[in-house]
There are 2 protein chains.
Amino acid sequence: MPRQGRKPAARRRTREEDAQMALKAVLLDLGGVVYQGGDALPGAVEAISRLREAGLALRFLTNTTRKPKRQVLEKLRGLGVEAETEELFTPAMAARARLEREGLGAHLLAKAALEEDFEGLLADNGNGAGGALVVADAGDDFTFEALNEAFRVLMDDGEAPFLALAKNRRFMDDDGRPSMDAGAFVAALEYASEREAEVLGKPAEGFFRAALESIGAEPAEAAMVGDDAEADVGGAMAAGLTGVLVRTGKYRDGDEDSLEPRPDRVADDLAAAVDWLLKQM
Amino acid sequence: MPRQGRKPAARRRTREEDAQMALKAVLLDLGGVVYQGGDALPGAVEAISRLREAGLALRFLTNTTRKPKRQVLEKLRGLGVEAETEELFTPAMAARARLEREGLGAHLLAKAALEEDFEGLLADNGNGAGGALVVADAGDDFTFEALNEAFRVLMDDGEAPFLALAKNRRFMDDDGRPSMDAGAFVAALEYASEREAEVLGKPAEGFFRAALESIGAEPAEAAMVGDDAEADVGGAMAAGLTGVLVRTGKYRDGDEDSLEPRPDRVADDLAAAVDWLLKQM
């Protein structure tokens with residue numbers, strides 16, 4: 001892959017030759033890449049099968065924080081994509097791994113549906129003893145009371161980890177207008193507490209790294225395919241992966257121009273991205 | 001007063017002599033200086049009478065954004081302080097003056113009680129035509145829906161003024177614990193919209209200036225007395241006034257050490273502050 005270390009050689013290896021040596025794993029974003037709303041995007045399910053048939057390890061990396069992993073897997077299977085639990089990476093799973101590693105409970109500010117991903121870590125009142133604050137997209141459950149309760153967790157224990165599953169500013173809502181995303185409420189908590197949240201989802205490097213570690217692959221042996229130039233492609237490339245931007249989902253004309261360095265590849269959709277990736281093997 | 005311009009003279013004027021020439025006006029914070037909760041602070045009402053008897057112009061500058069000016073005046077009168085409408089300066093009044101000057105309506109994010117200060121400027125749905133966004137302390141009315149509606153005003157018209165009546169991070173709540181203040185929700189709107197709010201209350205220089213203009217006094221001819229080191233005293237001193245910090249209300253030991261330059265005077269309470277001010281005349 002392009003960013004792989006090169007040994008001195010009589011003849012410089014071409015980019016394609018490097019790629020042929022290395023591609024072991026492909027990481028895929030879900031919303032806007034594999035599906036849009038309730039439907040699979042055209043050619044996406046078949047494209048995923050081709051990656052599997054080529055012997056590539058797959059991981060699905062989504063920043064969704066409204067659904068527990070069980071529902072995400074059910075949705076994939078409903079669309080005809082057989083995905084195993086260990087192939088899915090969500091920010092909630094990253095937070096859970098972090099809490100278990102440090103032996104911490106959690107106070108969760110999220111939609112109730114997400115609670116199952118933190119089973120056993122939440123006290124009855126949602127406030128784990130000696131816990132971290134975990135902020136997900138609570139949507140219209142971002143009430144003053146819920147935010148203020150979370151704020152007091154930060155104020156009561158200045159050492160408690162302050163984990164944000166994502167920090168998106170806004171999203172295109174069902175009515176076709178922009179709405180405030182979870183990042184705005186993370187910013188509110190940061191301002192009030194004068195503390196800084198640690199962001200766990202894409203584009204955090206650790207999120208990509210955890211997916212690669214589960215495979216045993218190096219960044220130079222992996223590609224990420226996504227529709228979000230900054231979170232998916234920019235984040236992956238900063239972590240040393242090959243970045244492929246697709247022109248589906250939230251992609252808008254010229255998104256690739258906002259990235260420095262530019263994406264390794266811009267493809268019309270997942271099927272076209274897979275065509276290109278398989279040629280690199 | 002200390003920060004007054006000095007002309008070359010055969011002998012340097014002393015600080016006291018400058019003050020004697022200049023003191024025309026005293027600006028007073030209310031909560032924590034004149035009253036605490038529902039009661040006047042000891043000696044405060046009598047101290048205000050002494051300022052009036054000395055011929056000083058008075059202005060009351062409060063950052064409260066939960067009460068309309070009518071209720072603030074009623075509270076003062078109930079405590080025995082005769083105050084005229086034109087002596088009171090609230091951030092809502094500053095916002096109204098600004099809107100009227102620019103011929104703008106307003107979308108108000110606030111407690112319902114504050115609406116009367118914007119009478120005639122709010123459309124029936126609270127969203128004035130061609131309007132500005134005005135954010136006050138809405139307390140537990142900071143719901144996702146109300147915030148998102150305000151956010152869309154900012155997104156629909158990138159030129160609409162974005163006015164924050166205050167930007168405090170947190171306050172000591174009735175239960176003795178810190179709670180999120182309006183500034184946190186201003187920060188959320190700023191983060192989501194990638195726009196910056198204009199803050200109208202203390203410590204904004206324009207707020208002090210408007211009070212002085214209503215008197216016809218220069219900053220060097222005025223003193224501000226407050227219990228908030230940053231908003232009251234730091235803000236007033238940055239605007240060129242003399243700053244007096246009182247050890248009542250939200251004052252905590254050492255607050256004066258956080259200011260650079262330090263307050264011109266730290267006094268035990270309003271009565272002691274007035275003792276000192278009257279000696280400067």
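Within what distance do the axes of helix 5 (residues 144–156) of chain A and helix 6 of chain A come, and at roughly what angle do they cross?

Guide: This is a predicted model, in which local features need pLDDT of at least 70, side-chain atom pairs count only at pLDDT 80 or more, and totals for chains, interfaces and linings use all residues. Residues are numbered from 1 along each chain as its sequence is written, chains are lettered from A and ligands numbered from 1 in the order in which they are written, and side-chain values use heavy atoms, without hydrogens or water.

The axes of helix 5 of chain A and helix 6 of chain A come within 10 Å and cross at roughly 45 degrees. Axes are lines fitted to C-alpha atoms, for helices over the stretch in contact, with angles from 0 to 180 degrees between N-to-C directions. The two helices are therefore oblique to each other (under 35 degrees is roughly parallel, over 145 roughly antiparallel, 65 to 115 roughly perpendicular, the rest oblique). Their crossing is right-handed, the near helix being turned clockwise from the far one by less than a right angle. Helix 5 of chain A contributes A:Leu147, A:Ala150, A:Phe151, A:Leu154 and A:Met155 to the contact, and helix 6 of chain A contributes A:Phe185, A:Leu189, A:Ala192 and A:Ser193 (contact: heavy atoms within 4.5 Å). By class, eight of these residues are nonpolar, one is polar and none is charged.

Helix 6 of chain A spans residues 182–193. From first C-alpha to last, its twelve residues reach 17 Å, close to the 16 Å expected at 1.5 Å a residue. Twelve of the twelve residues are buried, so helix 6 of chain A is largely enclosed by the rest of the structure (buried: under 20% relative accessible area; exposed: over 50%). The buried set contains A:Phe185, A:Leu189, A:Ala192 and A:Ser193, which meet helix 5 of chain A. The buried set also includes A:Glu190 and A:Tyr191.

Directly after helix 6 of chain A comes A:Glu194. A:Glu194 lies in the loop between helix 6 and strand 11 of chain A. Its phi is near 55 degrees, a positive value in a residue other than glycine. Most residues other than glycine have a negative phi. At 51% relative accessibility, A:Glu194 counts as exposed, whereas A:Ser193 is buried. In chain B, B:Glu194 likewise has a positive phi, about 55 degrees, and is found in the loop between helix 6 (182–193) and strand 11 (198–199) of chain B.

The peptide bond from A:Lys202 to A:Pro203 is cis, with omega near 10 degrees.

The axes of helix 2 (residues 44–53) and helix 9 (residues 270–279) of chain A come within 8 Å and cross at roughly 20 degrees. These two helices are therefore roughly parallel, and helix 2 of chain A passes helix 9 of chain A in a left-handed crossing. A:Ala44, A:Ala47, A:Ile48, A:Arg50 and A:Leu51 in helix 2 of chain A meet A:Leu270, A:Ala271, A:Val274, A:Asp275 and A:Leu278 in helix 9 of chain A.

Terms used
Helix = DSSP H or I, 4+ residues; strand = E, 2+ residues; numbered from the N terminus. Expected span 1.5 Å × (residues − 1). Buried < 20%, exposed > 50% of the residue type's maximum accessible area, 1.4 Å probe, protein only. Nonpolar A, V, L, I, M, F, W, Y, C, P; charged D, E, K, R; others polar.
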